[in-house]
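Hi,

Here is the structure I promised to pass on.

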Amino acid sequence: MTVHSGMLWLPEALEECGIRTVVLDGWAEAQGAYLWTDPDTGVGSYGGHPSCYMIHHTASSSALPSVKDSSGRWSKANVWAGLERDGRLYQTGSGEPTLVFTSSGPARVSSGYGHGPTALDVFRDVRVPWKQTEPDTEMALNRYAWNVETVARGDGSDIDPRVEAALEVMGAVLCERFGWAPWRAIGHVTWSTRKVDPFWQGEPDRIVRIQDNIEELLEEGDMWAEWVRGLVEGWAEDPVKTAQEFTRLNEMDPPVLEPGNNPQTVAYWIDLLNDPGSREWLGFVSRTILLSGVAR
Ligand SMILES: [Zn+2]
């Protein structure tokens with residue numbers, strides 16, 4: 001049986017970044033038209049790994065991820081993202097932000113056809129315009145793209161910020177692992193003029209913000225890592241100790257923090273840390289763990 005060994009590391013790496021993952025039985029063997037394999041563990045010849053990361057929305061408010069559906073059709077994505085309740089993923093309501101892995105190999109019906117020259121630029125780490133304006137060519141991206149389907153109606157309505165943060169952390173982990181620029185994360189809208197995804201939080205160009213956040217995860221993580229870890233480990237509720245730590249970090253050479261961190265700033269961070277649902281919370285915790293070397 002063919003195993004797509006090249007991507008099997010990803011769920012565990014994300015778990016270590018604090019992202020909840022579910023791996024469905026059969027995902028390692030799912031889809032076989034092309035192989036994504038590591039040189040040392042691959043079956044047969046080395047097939048390499050994906051060359052970009054494409055973000056989609058499902059155009060539905062819930063979805064049931066599966067390796068194969070009841071009609072025998074393969075999953076249309078490698079990963080599904082949403083709020084998990086009883087095995088289904090939802091756009092809104094209760095449930096834990098979760099990434100569900102359904103295929104470690106190239107998904108057959110996912111990225112599809114688009115504008116070939118754009119893909120070649122993306123593979124060269126060029127930041128291409130977020131929206132495709134040229135018609136599709138003969139090139140399909142299925143073999144090259146790591147695809148995530150995000151449960152969202154696609155009408156611009158909001159998704160849970162923690163789900164979006166999980167998408168960004170996955171992007172940063174992929175960039176770290178493969179040495180990609182953050183611009184390798186693209187939307188379907190970036191690839192084909194026929195598509196609009198991802199469209200949520202009222203922003204048709206949301207992929208730009210996602211790329212920016214992935215860049216921030218990659219570039220600023222080291223700066224924040226040490227002190228956020230300290231905050232997370234339990235002294236966040238002690239303003240005196242927190243202030244002392246700010247002072248210590250300011251005195252480091254070079255200073256870890258910008259000059260001007262003061263009691264008001266400390267109070268801000270404490271409030272943030274006491275709100276586990278906030279986007280900043282997950283983003284900073286993720287940065288911390290991501291850049292502690294887990295994903296490298
Ligand atoms: Zn799509």
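**Cys 52 and its surroundings**

With 23 C-beta neighbours inside 10 Å, Cys 52 counts as buried, because the cut-off for that is 20 or more. Keep in mind as you read that this is a predicted model. Cys 52 sits in strand E2, which covers residues 52-57. Which residues does Cys 52 touch, leaving aside its neighbours within four places in sequence? Its contacts are Val 122, Phe 123, Tyr 144, Ala 145, Arg 184 and Ile 186. There is also Trp 180: 128 residues separate it from Cys 52 in sequence, yet the C-alpha atoms of the two are 8.3 Å apart in space.

**The chain as a whole**

Stepping back, the protein chain has eight helices and eight strands. Of its 296 residues, 44% are buried. If you take the contacts with a separation of 6 or more, 76% of them are between residues 24 or more positions apart.

One of the contacts of Cys 52, Ala 145, belongs to strand E7 (residues 145-150), where six of the six residues are buried. In a regular strand, side chains alternate between the two faces of the sheet. Here Ala 145, Asn 147 and Glu 149 point one way from E7, while Trp 146, Val 148 and Thr 150 point the other way, and all of them are buried.

E7 pairs with E2, and the two run parallel with six bridges joining them. If you want to find that pairing on screen, look for Tyr 53, which stands opposite Trp 146 in E7. E7 also pairs with strand E4 (residues 79-85), again in the parallel sense, over three bridges. For this pairing, look for Trp 80, which stands opposite Glu 149 in E7.

**Helix H2**

- Asp 125 follows H2 and has a positive phi, near 65 degrees. It lies in the loop between helix H2 (116-123) and E7. With 14 other C-beta atoms within 10 Å, Asp 125 is partly exposed.
- Asp 86 is not a glycine either, but has a positive phi of about 55 degrees. Its place is in the loop between E4 and strand E5 (88-90). Is Asp 86 buried or exposed? It counts as exposed, because it has 6 C-beta neighbours inside 10 Å and the limit for exposed is 12 or fewer.
- The peptide bond from Asp 197 to Pro 198 is cis, with omega near 5 degrees. You will find Pro 198 in the loop between helix H4 (188-191) and helix H5 (206-235).

Cheers

Key
Residues are numbered from 1 along each chain as its sequence is written. This is a predicted model: local features need pLDDT of at least 70, side-chain atom pairs count only at pLDDT 80 or more; totals for chains, interfaces and linings use all residues. Helices (H or I, at least four residues) and strands (E, at least two) are DSSP runs, numbered from the N terminus. Two residues are in contact if their C-beta atoms, placed from the backbone, lie within 7 Å. Two strands pair if DSSP finds at least two bridges between them.
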